[in-house]
Amino acid sequence: MAIEESVVFGIDIDVLEEIGYENPRIMRFYLMHLKKAFSTVIRRMQELIAEKPEKRYQSLHINRPDLVKNAKKKYLATFIGVTPNSLSRIRKKTEN
């Protein structure tokens with residue numbers, strides 16, 4: 001589910017890999033995006049495990065202020081791994 005307007009492109013991964021075997025540029029494109037996705041997942045898992053919710057909220061606020069401003073509270077709470085009530089408390093603390 002997207003919380004803001006999005007465009008999604010899809011391709012069958014097996015088809016992409018088959019094309020990549022025939023065209024090295026396509027394979028590099030595929031591998032670059034696969035590495036980027038893997039890196040994003042690892043960083044996200046590390047944040048959820050190692051960082052406190054307040055820090056996760058502050059990072060989100062700094063890096064994606066538009067998202068914090070426009071997204072519904074329940075989606076932000078889920079993204080940083082807390083309940084909507086906890087998010088309200090975190091917001092109140094960080095505003096002071």
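1. Start with D66 and R64, which form a salt bridge whose closest N and O atoms are 3.5 Å apart. A salt bridge here is a side-chain nitrogen of Lys or Arg within 4 Å of a carboxyl oxygen of Asp or Glu. D66 counts as partly exposed because its relative accessibility is 37%, and R64 is partly exposed too, with a relative accessible area of 32%. For these labels, buried means under 20% relative accessible area, exposed means over 50%, and partly exposed lies in between (1.4 Å probe, protein chains only).

2. A word on the model before going on: it is predicted, so local features need pLDDT of at least 70 and side-chain atom pairs count only at pLDDT 80 or more, while totals for chains, interfaces and linings use all residues. Residues are numbered from 1 along each chain as its sequence is written, and side-chain values use heavy atoms, leaving out hydrogens and water.

3. The structure holds two salt bridges. In the one between E54 and K93, the closest N and O atoms are 3.7 Å apart. This pair links distant parts of the chain, with E54 in helix α3 (residues 53–63) and K93 in helix α6 (residues 84–95), 39 residues apart. Helices are DSSP runs of H or I with at least four residues, numbered from the N terminus. E54 is partly exposed at 27% relative accessibility, whereas K93 is exposed at 57%.

4. Now find R56 in helix α3. A polar atom of the R56 side chain does lie 2.6 Å from the backbone oxygen of I80. Leaving aside residues up to four places away in sequence, R56 touches E47, L48, E51, I80, G81 and V82, where contact means heavy atoms within 4.5 Å.

5. Helix α2 (residues 24–50) includes I49, which is exposed, with a relative accessible area of 71%. Y30 is also placed in helix α2, but Y30 counts as buried at 11% relative accessibility. Not counting residues up to four places away in sequence, Y30 touches I13, L16 and E17. The C-alpha atoms of Y30 and V7 are separated by 19 Å, and the two residues are 23 apart along the chain.

Technical notes: Helices (H or I, at least four residues) and strands (E, at least two) are DSSP runs, numbered from the N terminus. A polar contact is a pair of N or O atoms within 3.5 Å; within protein, one must be able to donate a hydrogen and the other to accept it, and residues adjacent in sequence count only if both atoms are side-chain atoms.
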